[in-house]
Amino acid sequence: MTLTTARHSPPPITERPSSILYRTRGRRHGPVTRLMSPSDLGEMLKPFVFLDLVDADARAVSGFGLHPHSGITTVTHLFEGNVRYEDTTGASGLLPEDGVEWFKAGHGAWHGGGAGDSARFRGFQLWLALPPEHELGPVESIYQAPEDVARDGPARVLIGTHGAAASSLKAPSSINYLAVRLKAGESWRYQRPANHTVAWAALSIGSVLVPDAIHAGELAAFKPSHAPIDFYASADTEFVLGSAALHPHELVLGYYSVHTSPETLMAGERRIDEIRAQLQQKGRL
């Protein structure tokens, strides 16, 4: 793949065709904006099925209590601040700015958290649908410090590869997920792998031209193409970008779970109920 980071004026927009297929500002509930869910863009962009943008004053957030998942992996990355985390593998701690939470719920697990010791926190939580061979597999809970996250120029490689950088997290299928910071006037090129027919970007701050403008708070889904995606930052900008081979399986939904069949959903929810009973016995719920 190729990478370009430079400062220059953008080419005239009239010379470049639009690469955006759909765009959305999602639905906001307090500090959380749901930009994608399986009932809308998640069906088209699977294995990416949920994406939440969280931007909050820490004093206004009481916490995100323990809640269950199965059949998915959640990936949390912060551009600003820090948050507390815990899960039913026994892990707990503080996820810092530029760190990564990887929580592969598999056959069923619970996690939660809340504000850390920063005044604000801002970042994204992504849900990935798991293929059949992983959706009822063991739980995997990994928390990466910023220095453990691979980098290629302005991009942190949260999952997959870019340029010479490769994430140590083992994705269940062909997926790239990057967190990118660009200063105003900088440009950057993303060349998706040939089998990645799914691609999108979501901005937390700033704006970019691709060549159409994408602004803070928006998610843009790109047309399938082998052409690179060129980003020009018209302001200081932070965004996440995902690309992948399309998840070819049906999405069967529970309240906190996504599976590929009613049978695997039932199995995941049985395990969730078993853990709920254990948490209730301990007075945690």
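Two strands are taken to pair if DSSP finds at least two bridges between them; strands are DSSP runs (E, at least two residues), as are helices (H or I, at least four), numbered from the N terminus. The model is predicted, so local features need pLDDT of at least 70 and side-chain atom pairs count only at pLDDT 80 or more, whereas totals for chains, interfaces and linings use all residues. Residues are numbered from 1 along each chain as its sequence is written, and side-chain values use heavy atoms, without hydrogens and water.

In β11, Trp 110 is the residue opposite Pro 68. Strands β6 and β11 (residues 109-115) are antiparallel and share four bridges. Both belong to an open, antiparallel sheet of four strands in the order β6-β11-β8-β9. Because β6 (64-69) and β9 (92-95) each have a single partner strand, they form the edges, and one side of each lacks a neighbour in the sheet.

The structure contains 11 aromatic pairs (ring centres of Phe, Tyr or Trp, the latter by its six-membered ring, within 6.5 Å; planes under 30 degrees apart are stacked, over 60 edge-to-face, the rest tilted). Phe 79 and Phe 124 make an edge-to-face pair, with 6.4 Å between centres and 85° between planes. Phe 79 is in β7 (residues 72-80) and Phe 124 in β12 (residues 120-129), so the pair ties together parts 45 residues apart in sequence. Phe 79 is buried at 3% relative accessible area, and Phe 124 is buried at 1% (buried, under 20%; exposed, over 50%; partly exposed, in between; 1.4 Å probe, protein chains only).
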